[in-house]
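Take a moment to look it over, and then we can walk through the fold together.

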Amino acid sequence: MIITDTNIPLVIFYGQKGSGKTLAIVTLVRYLEDNGYNIIFDRLFRNDPAYYELIEKYEQYIDGFDFKLPCANMSVDFILMRLFKNGSPIMQILDCPVLI
C-alpha cells in the first residue's frame, strides 16, 4: 500500500468491520459530490485485482446502484479516495476496517 500524495491531509476512518465507517464515508462522499467536489479512487494505492473490484463496488454503492455495503461480505480491506474541488486536491479519505 502506497499513499502517493503526502502533501494533502489524510482523514482516516478506522474501526471495527461493520461499525458504519463505509456508510459514513459514502454519505459524506454523496454530500460532497452534491456540493461540487469530486472523488477519485486512488488506483495506485494498491496494485491488485481485488482492490480494483473493491473500487468498482464502492462506485456502485456511491452512485446508488447497489444498496449493500461493499465490504459487508469481504475480508478486511483498505481503500483510498482523493477529494478535489475545482481540480485541486483537498484531502484524502482512507477506509481502514479492522477485525477485533
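How many bridges join strand 3 to strand 4? Seven bridges link strand 3 to strand 4 (residues 88-98), and the two run antiparallel. Please keep in mind that this is a predicted model.

## The overall plan

The protein has two helices and four strands, and along the sequence they follow the pattern β-α-β-α-β-β. The four strands form an open sheet in the order 1-4-3-2, with mixed pairing. Strand 1 and strand 2 are the edge strands, each pairing on one side only. From one strand to the next, the twist averages 20°.

Of the 100 residues in the protein, 38% are buried. The protein exposes about 6,000 Å², of which carbon and sulfur atoms supply 56%. Among contacts between residues at least 6 apart in sequence, 64% join residues at least 24 apart.

## Strand 3 and its neighbours

Strand 3 pairs with strand 2 (residues 37-41) in the antiparallel sense, over five bridges. The table gives one bridge pair for each of its two pairings.

| Strands paired | Bridges | A bridge pair |
|---|---|---|
| Strand 2 and strand 3 | five bridges | Phe41 and Met81 |
| Strand 3 and strand 4 | seven bridges | Arg82 and Gln92 |

Strand 3 and strand 4 also form a hairpin with two residues between the strands, and there Asn86 takes a positive phi near 55°.

Does the length of helix 1 fit its residue count, or depart from it? At 1.5 Å a residue, the 14 residues of helix 1 (residues 21-34) should span 20 Å, and its end C-alpha atoms are 20 Å apart, which agrees.

The buried residues of helix 1 are Lys21, Thr22, Ile25, Val26, Val29 and Leu32. Seen down the axis of helix 1, its buried residues fall within an arc of 130°, so they line one face of the helix. On the other side of helix 1, Tyr31 and Asp34 are exposed.

What do the buried residues of helix 1 pack against? Their partners are strand 1 (10-16), strand 2, helix 2 (49-62), strand 3 and strand 4.

Is Val26 buried or exposed? With a relative accessible area of 1%, Val26 is buried, since the cut-off for buried is under 20%. Leaving aside residues up to four places away in sequence, Val26 touches Tyr61 and Ile62. Tyr58 is 32 residues from Val26 in sequence, and their C-alpha atoms are 8.1 Å apart in space.

## Helix 2 over the sheet

Finally, turn to the other helix. Helix 2 lies across strand 2, strand 3 and strand 4, and runs at about 50° to strand 3. Helix 2 is also one of the elements that the buried residues of helix 1 pack against.

Key: Residues numbered from 1 in each chain as written. Predicted model: local features only at pLDDT ≥ 70, side-chain atom pairs only at ≥ 80, totals over all residues. Heavy atoms only, no water. Pairing = 2+ DSSP bridges. Expected span 1.5 Å × (residues − 1). Buried < 20%, exposed > 50% of the residue type's maximum accessible area, 1.4 Å probe, protein only. Arc of directions from axis to C-beta. Contact = heavy atoms within 4.5 Å. Axes fitted to C-alpha atoms, helices over the stretch in contact; angles between N-to-C directions. Areas by Shrake-Rupley, 256 points an atom, 1.4 Å probe, with all protein chains shown as cover.
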